[in-house]
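Keep the sequence and the model in view while reading.

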Amino acid sequence: MKQKMRSTWMMALLAMILLVGAGCGQQASEPKNTESAPAEEVTLKVASLIPPMTDILDVVKPLLKEDGINLEVVVLSDNIQPNTALANNEVDANFFQHVPFMEQYNEANGSDLVAVKPIYHALFGAYSKKYKSIDELPEGAVIAIPNDSTNVGRSLVMFEQNGMIKLREGAGYAATQADIVENKKNYVFKEVDLLMLARSYDDVDAVAMYPAYASPLGLTPKKDAFITEKTDDRFAITLVARGDNANSEPIQKLAERMTGPEVAKYLEENFGEVSVPAF
C-alpha cells in the first residue's frame, strides 16, 4: 500500500515538473516585439518677415518633415517683433536679420540671441526713380536710409565707399550722421523705418535698401542701383536662435537644411545676384 502511494506521488510530481517545463519553454519561444514606438514629431516655430526669407523656409519645410520636424513659419509685420518673440520663448528661432542687428537688440534688451548659421547675402544698394548716377543727384538731394543704428552706419559707409561723403576716421559701421565730416553736395539723409523704405521711393531723390524691399518695385542691385556696397560677411542674413536652444538637434537640423543644395538651387534660380548663398 505504501509503495503504491509513493509511486502515485512520484508520478504526480513528475507530471507537475513536465507541465511547468512545458510552460517555460512556450514562454521562451514567444517572439518578442522588437519594434520601437515611432518618435514623436517635433514642432519648430520660426519667425520671419518677407521673401526670400519666408520662401527659403517654405523650401525646407517638406525636407524637415522627413526628419520628424514640423516647421511652423510665423510671419510678423515689423523688424522688432521677431526678436521679441524669440526672446520671450514664443518662437524657437527667427530668420530675417544680420548679426549686427541682432547684437544691437541684445545690447538694448539684455537678451541672449545667438547666430546659428549665415544663409545668404543681401546686397545693399541705393536706388533712384529720378536719377541714374551719383553725378545726376542734385545739390541737397534727399536720400532715405533705414533708421535703426546698424543700418544707418551701413548706409553711410556705402555712401563713403562710393565717394559721396566722408566719415570721421574710425567711425566705421557704428557711424551716425554726426560722424559725417564732408558732404560737398549737402545731401539730406532721411531716416525711415526699414519696412517703409520702398514706399519712400516715389517721394525722395534716392533710397538705400535691401533687395528684398527693392524687388517688389521691380528693382535689382546689379541692374538698377546707382551704387552698391562691398560685400561684408557680417551682414549675411542669418538664422538666429537663443543661447538655450541654439545647439539643440532640431535647430541644428534646421540650419543644415537651410544650407543644403535645395536652398542654394532655389536662390540661384529665383533670385540670382539679388540673394547669394553665404554657405
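Contact means heavy atoms within 4.5 Å. The model is predicted, so local features need pLDDT of at least 70 and side-chain atom pairs count only at pLDDT 80 or more, while totals for chains, interfaces and linings use all residues. Residues are numbered from 1 along each chain as its sequence is written, and side-chain values use heavy atoms, with hydrogens and water left out.

**Ala-255**
- Ala-255 lies in helix 8, residues 249-258; helices are DSSP runs (H or I, at least four residues), numbered from the N terminus.
- The relative accessible area of Ala-255 is 4%, and buried means under 20% (1.4 Å probe, protein chains only), so Ala-255 is buried.
- Beyond its neighbours within four places in sequence, Ala-255 is in contact with Val-116, Lys-117 and Leu-239.
- Pro-118 is 137 residues from Ala-255 in sequence, yet their C-alpha atoms are 8.9 Å apart.

**Nonpolar cores**
- A nonpolar core is a set of buried Ala, Val, Leu, Ile, Met, Phe, Trp, Tyr and Cys residues joined through side-chain atoms within 4.5 Å.
- The largest nonpolar core has 68 residues, and Leu-254 and Met-258 are among those with the most contacts inside it.
- Helix 2 gives the most to this core, with six residues.
- A second, separate core has eight residues, including Ala-85 and Leu-113.
- Leaving aside neighbours within four places in sequence, the contacts of Met-258 include Ile-56, Val-60 and Val-263.
- In soluble globular proteins, nonpolar side chains tend to be buried together.

Technical notes: Helices (H or I, at least four residues) and strands (E, at least two) are DSSP runs, numbered from the N terminus. Buried means under 20% relative accessible area, exposed over 50%, partly exposed in between (1.4 Å probe, protein chains only).
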